[in-house]
Amino acid sequence: MTQTVAVLGTGKIGEALLSGMIRGGWPASKLLVTARRPERAEELRSRYGVEAVSNAEAAKRADTLILTVKPQDMGKLLEELAPHVPADRLVISGAAGIPTSFFEERLASGTPVVRVMTNTPALVDEAMSVISAGSHATAEHLAHTEEIFGGVGKTLRVPESQQDAATALSGSGPAYFYFLVEAMTDAGILLGLPRSQAHDLIVQAAIGAAVMLRDSGEHPVKLREAVTSPAGTTINAIVELERHGVRAALIAALEAARDRSRELASGNS
């Protein structure tokens, strides 16, 4: 935590990282932020006591640069940064679909780059951040990245070839659960429950199920079977889910998300 870290393009995820680092003991004096709008930069400065600087200034002063802009804005940001980023800077990218080679080709030769796909539960310190090393990143760089992202949840190292799959499964994953909760809440209303009660029932069921999956170590099939009595209510619901192809639809959805991540990597907007 003696290094200076700059978060560039500090939106929701960038702010979640920033606040997580501060809660984890990172001194505000070692943190820099950049933002497109001056009022946003001032908001971050007053809220966290960090210094708001330009992208060029961040590149000159920080030991680690965390790039959290949207994928379509990354090329322009790198053009701005390239003249100011020495080869000993660690560059961490949080942009979906963009490979580390994209950064290595645009920055000084030998620049270490680490690619991270995190997700929105970073806002409540329950993120899953998937980390991959570029060709010049060392074990020390990966450990430093884990130190940063570990402040907002769990981390997992994977080969970069698995990043598109991780993006589909984990990066986009929370949206799938929100979609299911929305559908199940509508079902609760159809069955006669007020929306607020249906929502509370589904959310607590989701939290309880997630904790059991995490803490029991059991395969999800075993946990599901424990709820599924012979000729009971649950098995009737499961049969309908299978009849409507929900399992196949989820697999197809994740394949589509993975393919879109690959398209982003190839430059197709």
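**View 1. Helices H7 and H8 meet at an angle of about 35°.** In this predicted model, helix H7 (residues 163-171) packs against helix H8 (residues 173-190) with the two axes 5 Å apart. Axes here are lines fitted to C-alpha atoms, for helices over the stretch in contact, and angles run from 0 to 180 degrees between N-to-C directions. Helices (H or I, at least four residues) and strands (E, at least two) are DSSP runs, numbered from the N terminus. On the H7 side, Ala168, Leu169, Ser170 and Gly171 make the contact (heavy atoms within 4.5 Å), and H8 brings in Gly173, Pro174 and Tyr176. That gives 4 nonpolar residues, 3 polar and no charged, where Ala, Val, Leu, Ile, Met, Phe, Trp, Tyr, Cys and Pro count as nonpolar, Asp, Glu, Lys and Arg as charged, and the others, Gly among them, as polar.

The model is predicted: local features need pLDDT of at least 70, side-chain atom pairs count only at pLDDT 80 or more, and totals for chains, interfaces and linings use all residues. Residues are numbered from 1 along each chain as its sequence is written, and side-chain values use heavy atoms, with hydrogens and water left out.

**View 2. An open, mixed sheet of 8 strands.** The strand order is E3-E2-E1-E4-E5-E6-E7-E8, with two strands counted as paired if DSSP finds at least two bridges between them. E3 (51-52) and E8 (153-157) sit at the edges with a single partner strand each, so one side of each has no neighbour in the sheet. Helix H6 (residues 139-149) packs on the sheet, touching E1 (5-8), E4 (64-67), E5 (90-93), E6, E7 and E8, and its direction makes about 160° with that of E8.

**View 3. Strands E6 and E7, side by side and antiparallel.** E6 (residues 113-117) and E7 (residues 127-133) are joined by 4 bridges. Look for Val116, whose bridge partner in E7 is Ile131.
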